[in-house]
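Welcome! Please take a first look at the model below, and then we will walk through a few of its features together.

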Amino acid sequence: MSHKKSRGRGGGGGAAASGDGHEDLARPPPLQAVLLADSFTLKFRPITLERPKVLLPLVHMPMIEYTLTWLESAGVEDAFVFCCAHSHQVKEYLEKAGWAGKSGPGSMAVTAVESHDAISAGDALRVIYDRGVIHGDFVLISGDTVSNMSLKDALQEHMDRKKKDPLAVMTMVIKHSKPSILTHQTRLGNDEIVMAIDPETKELLYYEDRADNSHLYITIDKDILNNNPTLQLHNDMEDCYIDICSPEVLSLFTDNFDYQHLRRHFVKGLLVDDIMGYKIYTHELRSGYAARIDNFRSYDTVSKDVIQRWTYPMVPDVISSRDCSESRLHRQGVYKASDVTLSPSAQIGANSVVGSVTSIGDHCKVLNSVIGEGCKIGKNVLINGSFIWDNVIIEDGCKVSNSLVCDGVHLRAGAIVEPGCVLSFKVEVGKNVVVPAHSKVSLLPQPSNEDSDEELEYADTNSGITDSPPFSSMRSNGDQSTVPLEEDESGTSETGTCGVVGYIWTSVDTGIVEEWRQSIAPIPKEKLEELLHAVSDDDGSEDESNNPTLPDKDDSSDSVVEDDDHISKFEKEVEETFQRALGGGVNRDNLILEINGLRLAYSLQHADCAGAVFYSVMKSALVAAQSTNDTLLKTTADALGKWKDLLRNYTKTVDEEMEILLKFEEMCQETTKEFSLLFPKILPYLYDTEVVSEDAILRWAEEKEHADESDKVFVKQSEGFIKWLKEAEEEDDEEEE
């Protein structure tokens, strides 16, 4: 079902106010947007040699569809889509999807701006300036961004600042996202960013996206400290790459041809420019969703967020970009088109999507995966944590784990695709062939001269071809240890019953030495353990000095408030990590390692982990329940039974078990009051599953004896069970005597 049928072409000059009347002169110009449809990086190669990144499917819809839909909903009237790499494909999509057409009231006019000379975002903005299409403040965004945030507050802040200070030329949207202390990356696979922000004005004072994580300090110009007596230093903010810009931004790019990268050159350049005095401000996103798909890990993360409806209404059953059967949401977060052919013995697991005209054979398992349209899945196939695009054929007995498989790929019987692989368009994998982990395979040889991250997405015809090895010796899933292949004159392997058509790409094109950092596959448990040991060795005492975001507790009168905020942020991140484990985004074996990494990052204790994990488990039970107490009691019992080993990992002492009980009381009184009547029924279950011990429960009851009546509510509810525990303890003492 097509969501868009006709759109307005904005004309080369947008929709600036026109006319001779005073009313026209007073009318503010329409809100405009510049959408960059080229990422100017190589992170999605080899795929982007054949298709632009913004047209890659994200849960069955091109990335740019999410961006354009959000811009229109945010009140943008004119959008200019700058396209360079594969510009003909982008323009064709805009026409086909109905974005480039005659505009009606309330619709957004979309105009493609094409250039084949731009090699960076800076060049793109200089082209936009030369075309003269921007007439006021505009939103600058890339076509790989998914958001449902409201722009109203950020726009108003930007406008108010401009009235007071014409040098305020940009407002950057940021959001809280604590990076892992183990990998120094956010959940999107991006390296941590260090920002210094004025807490009162929200002015950006310092920005570093290439911090040296081997040291536990950063270097800031002393003038920043001298001129700003108060500033907040953050390493817990994610750059959403959504900017509200004044027209002066385009002039600055035109006047400074060394501005190429939006952040590394432009933002940093303005921050150190003492002559012009231009200022950049920040707007922290506190509600809503915004994320840019910068690499394969963020592709995986944002896909799961879409499936789990964090991006609503940007979800499969609400918007659709093509004339196809509508996806419908079923139980456990499963989306399925009405014309899917599914064997009765096949299993579609939670948080999975299956596209139109796809058939899935007997005894197949599809877990936490997205299957495209027109795919043919044979018998006894296992697809776990993977993205299978359109018209893919997977024969009997194949296994695909945490990988991306592009349009037209053919996996013959028994083939195994190990975690982290990317199989580009129309690659064929022979019978019983094992594609090694983190392999990138394409029918196109790998271009050379790829040492810059500012290059176009398509192949440079003057760059030559590297000597990319074909699959000449892949492991076999049969008795053979190698798979011999013959090669044609071009070096491409011939396809046979056990051959592979395609070239193995090396990772030098993206500059990623360690493939696991930005892979679709979860970080290997061995790597997490290695990183955790390294952090423990460097910080055996867990000194607070390793965390630059912690407040100075000795000098701050608001330390108690800041401590509470610090713990609440920790609990929120534990809940997000736990939710990803529920959705398959985090391997259960790695969950403890990730939570331990968060504990070290926040310099907290095991007891804090116990409370945070318990809250996450109980919250999952509440979400899974319906309206009745009986259902909630059942889902709670199921959740505690499933995650009891995880909870026990953080309840080694009575104090830590006490934290569970205190957290449960707090939940019943404040955040999840639905549990308040069930407290006396759930407490015995915590005891039976050995999450809390008899000693912890009796000590909790004893400490409440002299408390206020309002603090005794749940002790009184549980009097019968507590009495039973005391009597059982006395009987044990008598037997011992």
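## Salt bridges and a helix pair

R263 counts as buried, since its relative accessibility is 0%. This is a predicted model, so please read every value here as computed from that prediction.

What does R263 pair with? Its side chain meets that of D243 in a salt bridge, at 2.8 Å from N to O. D243 belongs to strand β12 (residues 237–245) and R263 to helix α8, so this pair ties together parts that are 20 residues apart in sequence. D243 counts as buried too, at 1% relative accessibility.

R264 of helix α8 (residues 262–272) pairs with D209, which sits in the loop between β10 (204–208) and α6 (222–227), so parts 55 residues apart in sequence are tied together. Together, E208, D209, R264 and K268 are linked in a network of salt bridges.

| Salt bridge | N to O distance |
|---|---|
| D243 and R263 | 2.8 Å |
| K268 and D209 | 3.4 Å |
| R264 and D209 | 3.8 Å |

These pairs are among the 26 salt bridges that the structure holds.

Is E248 buried, exposed or partly exposed? E248 is partly exposed, because its relative accessible area of 31% falls between the 20% and 50% cut-offs. This residue lies in helix α7 (residues 248–255).

Now let us turn to a pair of helices. Two packed helices are described by the angle between their axes and the distance between the axes. For helix α15 (residues 654–671) and helix α17 (residues 694–703), the axes come within 9 Å and cross at roughly 60°. That angle is why α15 and α17 are oblique to each other. Their crossing is right-handed.

Which residues make the contact between α15 and α17? From α15 come V654, D655, E657, M658, L661, L662 and E665, while α17 brings D695, A696, I697, R699, W700 and E703. Sorted by class, this contact has seven nonpolar and six charged residues, and no polar ones.

Methods:
Residues numbered from 1 in each chain as written. Predicted model: local features only at pLDDT ≥ 70, side-chain atom pairs only at ≥ 80, totals over all residues. Heavy atoms only, no water. Helix = DSSP H or I, 4+ residues; strand = E, 2+ residues; numbered from the N terminus. Buried < 20%, exposed > 50% of the residue type's maximum accessible area, 1.4 Å probe, protein only. Salt bridge = Lys/Arg side-chain N within 4 Å of Asp/Glu carboxyl O. Axes fitted to C-alpha atoms, helices over the stretch in contact; angles between N-to-C directions. Parallel < 35°, antiparallel > 145°, perpendicular 65-115°, else oblique. Left-handed = near helix turned anticlockwise from the far one by under 90°. Contact = heavy atoms within 4.5 Å. Nonpolar A, V, L, I, M, F, W, Y, C, P; charged D, E, K, R; others polar.
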